[in-house]
Amino acid sequence: MSQRLLLLILVLFYGFMACAEYKEPPANYGSGSLNFEWLYFNYYGDVANSSYNDVLNGPYDFVLTKDGKSLMVIDTANLTTYTVKIFTKNNFSNFTVFNPSPLLKPHSLDQIGANDFVFAPDLNNGSPLVFSLQSQFSTYNPPSPLSTTLGVYYDERQSTLYVSDSFQSRVLAFNISNTTSPYLLRLYGKTNINDTTFSIENASSSNMGFPQHSRVDCEGNLWGTDAGFGRTLRYPAGSTEPDLLWGQPNYTTTLRQISPNIMFGPSDIVFNKKCSIAYVLDVGRILRFKAPFFSFQPADGVLGSSGFGAVG
């Protein structure tokens with residue numbers, strides 16, 4: 001079994017979890033203290049603590065719209081039929097379908113305007129990015145074809161779209177201030193845009209392995225979850241060389257453990273409004289980190305497991 005396929009199976013097994021509506025957690029929290037609003041999806045389409053398991057078949061990615069009224073979910077049935085479903089806040093028993101006819105197996109999405117969205121492809125090497133602008137569709141073919149994307153993130157402050165091209169172990173940053181003529185700004189995880197390989201032995205500060213969701217913090221730094229190498233990286237604004245590392249003791253080590261400062265396969269990161277607290281999703285648990293941030297920092301809180309050394 002290839003390394004890429006094994007990593008994908010692990011990700012799908014543990015499922016995709018994300019926070020759809022955010023409220024500040026209590027100062028001390030742990031397993032079972034869910035007194036703030038998180039929405040969990042797993043690969044099999046269940047919604048935690050709900051009876052609507054038949055509504056979703058296999059959700060891949062979702063975004064809470066900027067007005068806070070709707071949730072857009074990319075849903076798939078057996079990895080063959082892909083549908084974009086729109087749910088009204090607090091009502092998951094009914095949904096409308098966003099017409100996906102121009103989209104070929106969309107895997108990731110984000111909102112880039114009041115009624116504008118971007119979609120990235122799944123398992124279709126060479127598929128373009130698709131923009132939906134006021135319900136009018138346009139496409140963009142990057143200078144290097146995309147493979148499987150496991151996350152897109154739009155930073156409206158810089159009009160920059162970050163695309164995690166996971167199966168090719170890289171993150172691409174595009175300027176989309178003009179969606180009719182986007183262009184590549186920066187390449188993360190590779191020094192050569194034509195290098196799309198992955199090997200567990202090649203962990204370094206310049207390489208990524210199976211990156212998933214990326215986010216930009218209040219200071220413009222990019223944070224990337226690097227699942228293949230079991231770590232989370234921070235890149236200073238405008239730089240493609242990381243200056244901070246979580247989850248591993250150094251850039252060339254790939255330990256596979258479950259502990260406060262070792263990550264197994266992180267897949268997402270979010271911040272509170274002041275960016276003083278970060279939450280990292282790591283295979284069945286959510287780790288909390290408090291500023292000031294530093295390399296090899298141990299998490300000070302865990303959610304979703306019985307302790308730092310347990311999964312689920």
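**Entry 1: the disulfide**

I looked up Cys275 and found it buried, with a relative accessible area of 15%. Buried means under 20% relative accessible area, exposed means over 50%, and partly exposed lies in between, with a 1.4 Å probe and protein chains only. Cys218 is partly exposed, at 40% relative accessibility.

I note that this is a predicted model, in which local features need pLDDT of at least 70 and side-chain atom pairs count only at pLDDT 80 or more, while totals for chains, interfaces and linings use all residues. Residues are numbered from 1 along each chain as its sequence is written, and side-chain values use heavy atoms, with hydrogens and water left out.

I then checked how Cys218 and Cys275 are linked. A disulfide joins them, S to S 2.1 Å; the term stands for a pair of cysteine sulfur atoms within 2.5 Å. Cys218 is in the loop between β15 (211-216) and β16 (222-226), and Cys275 is in the loop between β19 (266-271) and β20 (277-282), so the pair ties together parts 57 residues apart in sequence. Strands (E, at least two residues) and helices (H or I, at least four) are DSSP runs, numbered from the N terminus. I read 85 degrees about the S-S bond, and the link is right-handed. The structure holds 1 disulfide.

**Entry 2: the sheet from β7 to β10**

I followed the strand order next. An open sheet of 4 strands runs β7-β8-β9-β10, with antiparallel pairing. Two strands pair if DSSP finds at least two bridges between them. Which strands stand at the edges? They are β7 and β10 (136-140), each with a single partner strand, so one side of each has no neighbour in the sheet. Neighbouring strands are turned by 20 degrees against each other on average, direction ignored; the axes are lines fitted to C-alpha atoms, for helices over the stretch in contact, and angles run from 0 to 180 degrees between N-to-C directions.

I counted 5 bridges between β9 and β10. Leu129 stands opposite Tyr140 in β10.

**Entry 3: the cores**

I looked up the largest nonpolar core, which has 15 residues. Such a core is a set of buried Ala, Val, Leu, Ile, Met, Phe, Trp, Tyr and Cys residues joined through side-chain atoms within 4.5 Å. Among those that touch the most other members are Leu129, Phe131 and Leu161. At least two residues of this core come from each of β8 (116-121), β9 (129-133), β11 (149-155), β12 (160-165) and β13 (170-175). A second, separate core of 14 residues includes Trp223, Leu287, Phe289 and Val302. In soluble globular proteins, nonpolar side chains tend to be buried together.

I also listed contacts (heavy atoms within 4.5 Å). Leaving out residues up to four places away in sequence, Leu129 touches residues including Phe119, Tyr140, Leu161 and Phe174.

Is Gln111 buried or exposed? Gln111 is buried, at 3% relative accessible area, and its place is in strand β7. I found its side chain reaching the backbone oxygen of Gly113 at 2.9 Å. A polar atom of the Gln111 side chain also lies 3.1 Å from the backbone oxygen of Ala114.

Ala114 itself is in the loop between β7 (106-113) and β8, and is exposed at 66% relative accessible area.

Methods: Polar contact = N/O pair within 3.5 Å; in protein donor to acceptor, adjacent residues only side chain to side chain.
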